[in-house]
Structures are given as C-alpha cells and as structure tokens.
Amino acid sequence: MLLTQQSRPVEGATAAITAVAPPPRTPRRRGTRRLLGLAWILPAVVVLAVFVYLPLVQNLGFSTLEWDIYSGSQEFIGLDNYAKLVGDPIFWSSLGNNVLYAVVSLVFQVFGAIVLAAIIEGIRSDRWRRSLRAIYFVPSAISLTVAGLLFYFIYEPNLGMLNSALDAIGLSAWAQPWLGQESTAMIAIIVMSQWQGFGYSTLLFAVAIQRIPSELYEAASIDGIGPIRRFFTLTLPLVREMTGLMVIVTITGAFQVFNEVMVMTSGGPNNSTQVLGTWLYRNGFVRNDFGYAAAIATVIFIITLGIALVQLWLNRRRRVEW
Amino acid sequence: MVTRLSFAGVIARVFIWTFLLCLVVVVVYPLTWMVLNGFKTNTEIFGNPFALPMQWNWDNYTAAWNRGVSNYLTTSILVTVTSTIATVFISAWAAYGLTRVDIPLSRTWSTIVLGGLMLAPTVALVPLVKMFQGMGLYNTFWALLILYTAFRIPFTTFLIRAYMIDLPREVDEAAEVDGASRWTAFWRIILPMCRPIIISVIILHILFAWNEYLFAMVFTSGTDVQTLPVGLTSLMSKHGTDYPVVFAGMVIAALPVVILFFACQRYFIKGLADGIGK
C-alpha cells in the first residue's frame, strides 16, 4: 500500500514506535503531511527553475532568432545561426583552442599532478610533505584574475620578468611580446593556467594516495619492488577513481575557459586566443548579436552535457572502495 | 625502514629534490615579485624588475584602497557572505527534504536539483542578462547574490545530500518519539550532525564566490557593485600606467583566501577533497 512505511532494517522497531506514537495518523493527514514535506525542497526547486533551467530553454529559443537590439526586432531564422557557426573560422579556432587547453591540462594537471603527488607522498619527512603541498597550492588560492594579471605583467615586454630573465642569462634573442603575437599568445595563457592549477590537482591526488593502505606499500617494498614499478602497479591503479574525476573536471573546465583569456588578451591579438566562452561574450555583448551568441552557448551546452553524461555512466559502472 | 643507498639512488634523490625545489621557485618567485612590486615606484618597476624596492612604500596600498579597492573588497565580502548563507541553507533544506522526509516524487526532484550540476553558467548567460534587465536587477548586488546561489545549489545539495543519506534512520525516529517537529529535528539534530560537510561546502563556496569572474563581469559595471576580480581589471584599465597601484590591488585581492587557506589548512584540504571525491 502507498501509505505503509518504507521498508527499513529496523521494521519491527519502527512499527512498535509508530504504534505508541500519539496521535495515530489517518491516511488523509499523512497525505497532507507528505505534500507539506515538499516545502523543504521548494526554495531550491524554484530558484533552479527560474534562474538555471528557464534561461537554458530560452537560450535554445534565442539561438533561432535574428535579434536587432537597436530596433528591438526579433525575427525567426530557424537554424541560420548554426549555419553561420559552421562557416565561422573563428568559431572553429576557438573550439581548437579549447581542445588544446584540455589536452595540455590533461598532461600537466592530471598526469603531471599524479606523478608529483606520488613523489611528494614518498618523502619521509612529514613537514616537507605538508610544506610542499601547501606551497604548490598557493597559486590556486589566489584567483585566476590575479594570476592572469600577474602573468600579463610577467609577459609584458617592457617591465616583464620573463624577458628580463632571458636577458640576464644571455638569451635576449628569445625575448618576445609573448601575449602580443599570434604564435605565442595562446600557449602563454595556457602556461599561466597550468601554473595556477597544478597545485590544486596535486593536493587532491596526494589526498587520494594517502587513502591507499600503507600495508600495500610495505608489501611492495618487502617484495623488492622499486619506486617506478610501484608507481605503475600500485599507485596509479589505486587512484584510478580520482583520476577519472579529475579527467572529467579538467575537460569540462577547459571548455568553460573565460576568465584568464579575458584578463590577459580579451581574445586578441587578431582573435588568436578566442575560446568558445570569449567568442560568445564578444558576439553577444560587444557586437550585440544575441542570436549568434545563443547558438555558441548551445554548442558549449552540448559539449559539457555530453562530458557530464559520460561521467555519470562511468560512475554507475565502477564504484571502487577500499 | 632503512634502505641501502646505491649510487643510482643518490643520483635519483638529488634529481628529485632539485626538481621539487625548482618548482617551489617557479611558484614562489612570481608571487614574491607581485608583492615586491606593490611596494615599488613606477620607475623602479621599469628599471630593474629583480631589484628590491628602495623603500617599503605603503602609499601604493593606500592609493589602491582609495581608488576603488575598498569598495570592491566590501562588495566581495558582502556577496561572498550572503551567497554562502543563502546557498548553504537552501541546499541543506533541499538535502533534508530529499533524504529524510517522505515526499511525493522524491526521485524526480532529486534529478531536477542535482541535474543542475551538468549545466555550465555560460550557457544561460544571454537569457539571464535579458531577464535581469527586465527585473531591474541588472548591475545590482542582488544579481550576483541570486546567480551565485542559484548556480551553486546543485553542487552544494549534492555534497550535503551524500552526507545526510548516511546518517542512521533511528535519529529521525527518536526525534519523532520525543515529539520534535520536523523543523526542530532538522535544526537541532540533523544539521549539527552534518557539521563536517557543512564546513567543507562553506569553504568551497567562499573559494567560488570570492574568485568568480564571468557573472561579476557581465552583470556589474559600476564601482559600487563590482567585486574584486572585476574591480581589479577596471583598476587596471583606469590606472593601467600606474603599475605599483595595480600590484598593490592584486595583493589585497589575493590575501584573504591565502590567509584562510593557511589558517585552516586541514578543513580546506578536506573541503576540496569532499568537493571532488564524493
């Protein structure tokens, strides 16, 4: 029956308690009570419906419009904005930059971070372990905006540290306007974001490594397994769950990049550092082409939703616990 | 455990430590440079980027403070505190409703609330701007409070829910026998039991709200409603040639979270691990 208690391990005890609990509830009162229970989730559901889900649906609608904000006229143009997207070279180069971001971040912030975390956790001195983890994390505690501005100045040709450092070690020939030329600007931004983010993922992998039972390592050392083999046969498989999560988080993050590009180059020079987020911003809020911006937003939506669904599917498949 | 050090072992160890310490320099040096530049004069910055400041010049900090940073800081604190409170309460209520109250269509509601986790804020940007302009909330403190709360509810609820679901059932039943209302049971019993995860979600939310840039940049323009991340870029475009002041502003913006991290490192690390590990 609908109104029976949900089955629980302590069914008997529960039944006994409800039997004593005054006053006995009539089915009707229980029904109202269940409805009243909805009050707990009401604020969350309302806020999400109005400010997260509704705009999402509206965005799909917007992407089919030709929207002139000066006259306020809106004209339905079907999939024309998407057709424009396909023929827009900067859309493709933006997408390419997001992919490059994802690939570099996977190398440094996932694989590099696992190696670094394993090295740090292999240090005997507890104080060194803690200090290194903390120091490496500091760039992640300062915001991407501050880190971005800092690197903007580091790359700056006149006062920047990087060119001066190259000068000092006799490599003046290598000095260049890092953010000012198309060939180096994107890489320069990505390098900054690796600097800012590697400590964060290293910290998380360190936590995951700490959760590995130490007996496993002792057994490995008794068996005479060296540190490199131990890393591949023990550490790597046992932090697999964290690795999976970090891969997803890193890729999703790479397709939402906005802050650092906006602060350092705003997408320039000559649109060479545009990513999907900044290209959306430029079209929507600088050129006021809302329909086209909404179409770019839909692409970001599909990519990030796709990655999230893959994560969900992976989570269902494996639940490794030690 | 004593290991015999072979020659190769020593070399490997020297190599690893050199690498680790180089990495420390790579991290610490730019940060030190930023702090030092906040004390220099413009001429010194252009002169020799590696030199120490001639004198410790606090004027840049006062200048930055007076040119808007005090406003940005106030807004940042206000937005961070209010949105943390709103997000944590709304999410804790939702988590309670989804895990410990018998409500109709419980699974559907869970999907709706947690499904928000998969949606990127960028996607809703254009319609949100239209909506907030229509409601007269564009370029106000409320826009940021609402957005920071709305877009963090799914994540925060997800974490609190995962914790609440593991609390024993008997707790609620005991409360009911004692005649406690659901409301009392939540505030007096369940919420206090969730303390560890609440601390984690507070830290994660502070880190988010303090550093958020996209919404802050798109939804605010005036000095009196801008938060630090956006304020810094305005400071930069307005006084871009006065570099030491910009550096001083950057230090002021970075310091609170760095201090928070070192002051409660244990909670911080646990919070980050909870945030990703669940």
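This is a predicted model: local features need pLDDT of at least 70, side-chain atom pairs count only at pLDDT 80 or more; totals for chains, interfaces and linings use all residues.
Me: Helices here are DSSP runs of H or I with at least four residues, strands are DSSP runs of E with at least two, and both are numbered from the N terminus. In which loop is B:Asn139 found?

Reply: Residues are numbered from 1 along each chain as its sequence is written, while chains are lettered from A and ligands numbered from 1 in the order in which they are written. Phi of B:Asn139 is near 60 degrees, a positive value in a residue other than glycine. B:Asn139 is found in the loop between α5 (125-134) and α6 of chain B.

Me: Is B:Leu105 buried or exposed?

Reply: B:Leu105 sits in the loop between α3 and α4 (106-115) of chain B, and its phi is also positive, near 60 degrees. A residue is buried if 20 or more other C-beta atoms, placed from the backbone, lie within 10 Å of its own, exposed if 12 or fewer, and partly exposed in between. B:Leu105 has 10 C-beta neighbours inside 10 Å, so it counts as exposed.

Me: Which peptide bond is cis, with omega near -10 degrees?

Reply: The place of A:Pro269 is in the loop between α13 (259-264) and α14 (276-286) of chain A. The cis bond runs from A:Gly268 to A:Pro269.

Me: Where in chain A is confidence highest?

Reply: The mean pLDDT of chain A is 86, and 89% of its residues reach 70 or more. Confidence is lowest in helix α1 (residues 11-20) of chain A, at a mean of 42. Over residues 1-22 of chain A the pLDDT is below 50. The highest value in chain A, 96, belongs to helix α5 (residues 89-121).

Me: What is the ipTM of the model?

Reply: Chain B averages a pLDDT of 89, and 97% of its residues score at least 70. For the model, pTM is 0.87 and ipTM is 0.90.

Me: What percentage of the residues in chain A is buried?

Reply: Chain A contains 15 helices and two strands. Two residues are in contact if their C-beta atoms, placed from the backbone, lie within 7 Å. Among contacts in chain A with a separation of 6 or more, 71% join residues 24 or more positions apart. Of the 322 residues in chain A, the buried share is 39%.

Me: How many residues does chain A give to the contact with chain B?

Reply: Chain B brings 75 residues to the contact, and helix α1 (residues 7-37) of chain B supplies the largest share of that side, ten residues. Ala, Val, Leu, Ile, Met, Phe, Trp, Tyr, Cys and Pro count as nonpolar, Asp, Glu, Lys and Arg as charged, and the others, Gly among them, as polar. By these classes, the chain B side has 60 nonpolar, ten polar and five charged residues. The number of residues from chain A is 68.

Me: Which residues of chain A does B:Ala150 touch?

Reply: B:Ala150 lies in helix α6 (residues 141-150) of chain B. B:Ala150 counts as buried because it has 27 C-beta neighbours inside 10 Å. Not counting residues up to four places away in sequence, B:Ala150 touches A:Val47, A:Leu48, A:Phe51 and A:Val52.

Me: Which residues of chain A are in contact with B:Pro49?

Reply: B:Pro49 is found in the loop between α2 (42-47) and α3 (59-100) of chain B. With 24 other C-beta atoms within 10 Å, B:Pro49 is buried. Setting aside neighbours within four places in sequence, B:Pro49 is in contact with A:Leu159, A:Met161 and A:Ser164.

Me: How do α7(A) and α12(B) lie to each other, parallel or antiparallel?

Reply: A:Thr145, A:Val146 and A:Leu149 in α7(A) meet B:Pro229, B:Leu232, B:Thr233 and B:Met236 in α12(B); these divide into five nonpolar, two polar and no charged. The axes (lines fitted to C-alpha atoms over the stretch in contact, with angles from 0 to 180 degrees between N-to-C directions) come within 9 Å and cross at roughly 25 degrees. Angles under 35 degrees count as roughly parallel, over 145 as roughly antiparallel, 65 to 115 as roughly perpendicular and the rest as oblique. The two helices, α7(A) and α12(B), are therefore roughly parallel.

Methods
pLDDT is the predictor's confidence in each residue, from 0 to 100.
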